[in-house]
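Subject: Structure handover

Hello,

Here is the structure I promised to pass on. Please open it first, then read the notes below.

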Amino acid sequence: MSSVLANLLSGIIGAVIGAVISGRITWKVTKDSTTRMLEGQREQQIEARREDQRQAAEQREDNALAALLPVLSELQASVTGMMNVHYNVRMGLVSPPVTRADAAYRDMLQASTVQLPPISDPEFRERYGQLMALVDELAEGKVQPANHERAGGDVISYIKHIRYSVKRLRQHRALPQGPAPPRLNRVGDMAQWAPVESDPEDV
């Protein structure tokens, strides 16, 4: 009788222990599966946020590039009136802008702090800075009178080069090739500055 009871108790204890072990294993498997699922969901959420941020940055950049196009077009149309703009603005003789050249000059400066920062391409940012330096040189009266006509053409050609660069960036293409920016007071070279690649739509 005692042997039967002992066997019964042993069986019960074994069953209980087996159930506990099985339950523990099931709980661990479930926990691990849940953890992996939650980690996967978190990774997906992080990746989704990154993609949203990337798309938002691309949209801000495209908006900035689009806003530069009219600034550059107006600047090109105003080159011939740029000679005295810097003096007028610096001396406070023009506030607010009262001429087309004054307005174009100020829009160019404003674009460097509003439109330029969202644009990520470092070479384009450098080119825009070079454009500003050329316009300043022209507007500050640093171009020798004998070079005025050629210098005006050089600056117009460089503005076209920058505008084509904007178009290429908006198309997600590489920037057009171009030599170094023109030296407005160069000696012994009367040919007008020209880029290596020109905008086929800009004739």
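Setting aside neighbours within four places in sequence, Leu75 is in contact with Met82, Ala104, Met108, Leu131, Val135 and Ile159. Contact here means heavy atoms within 4.5 Å.

Some ground rules. This is a predicted model, where local features need pLDDT of at least 70 and side-chain atom pairs count only at pLDDT 80 or more, while totals for chains, interfaces and linings use all residues. Residues are numbered from 1 along each chain as its sequence is written, and side-chain values use heavy atoms, with hydrogens and water left out.

Leu75 belongs to the largest nonpolar core, which has 34 residues. Leu75, Ile119, Phe124, Tyr128, Leu131, Val135 and Val155 have the most contacts inside this core. A nonpolar core is a set of buried Ala, Val, Leu, Ile, Met, Phe, Trp, Tyr and Cys residues joined through side-chain atoms within 4.5 Å. The elements giving two or more residues to this core are α1, α3 (100–114), α4 (122–139) and α5. The most comes from α4, with eight residues.

**The chain overall**

The chain has five helices and zero strands. From the N terminus, the order is α-α-α-α-α. Helices (H or I, at least four residues) and strands (E, at least two) are DSSP runs, numbered from the N terminus.

Of the 203 residues, 30% count as buried. Buried means under 20% relative accessible area, exposed over 50%, and partly exposed in between (1.4 Å probe, protein chains only).

Take contacts between residues at least 6 apart in sequence: 67% of them join residues at least 24 apart.

**Largest pocket**

The largest pocket holds about 150 Å³ of space. A pocket is an open set of points on a 1 Å grid over the protein atoms alone, where a 1.4 Å probe fits, with protein on both sides within 12 Å along at least five of seven lines. Grid points are joined across faces, edges and corners, and the volume is the space filled by probe spheres set on the points.

Its lining is Glu58, Gln59, Glu61, Asp62, Leu65, Leu169, Arg170, His172 and Arg173. Lining residues have an atom within 4 Å of a point. The elements that give two or more residues are α1 (2–77) and α5 (148–170). The largest share, five residues, comes from α1.

**Residues to look at**

- His172 lies in the segment after α5. His172 has a positive phi of about 60°, although it is not a glycine. Most residues other than glycine have a negative phi. His172 is exposed, at a relative accessible area of 69%.
- Arg106 lies in helix α3 and is partly exposed, at 26% relative accessible area. Arg106 and Val71 are 35 residues apart in sequence and 9.7 Å apart in space, C-alpha to C-alpha.
- Gly129 sits in helix α4 and is partly exposed, at 35% relative accessibility.

Best wishes
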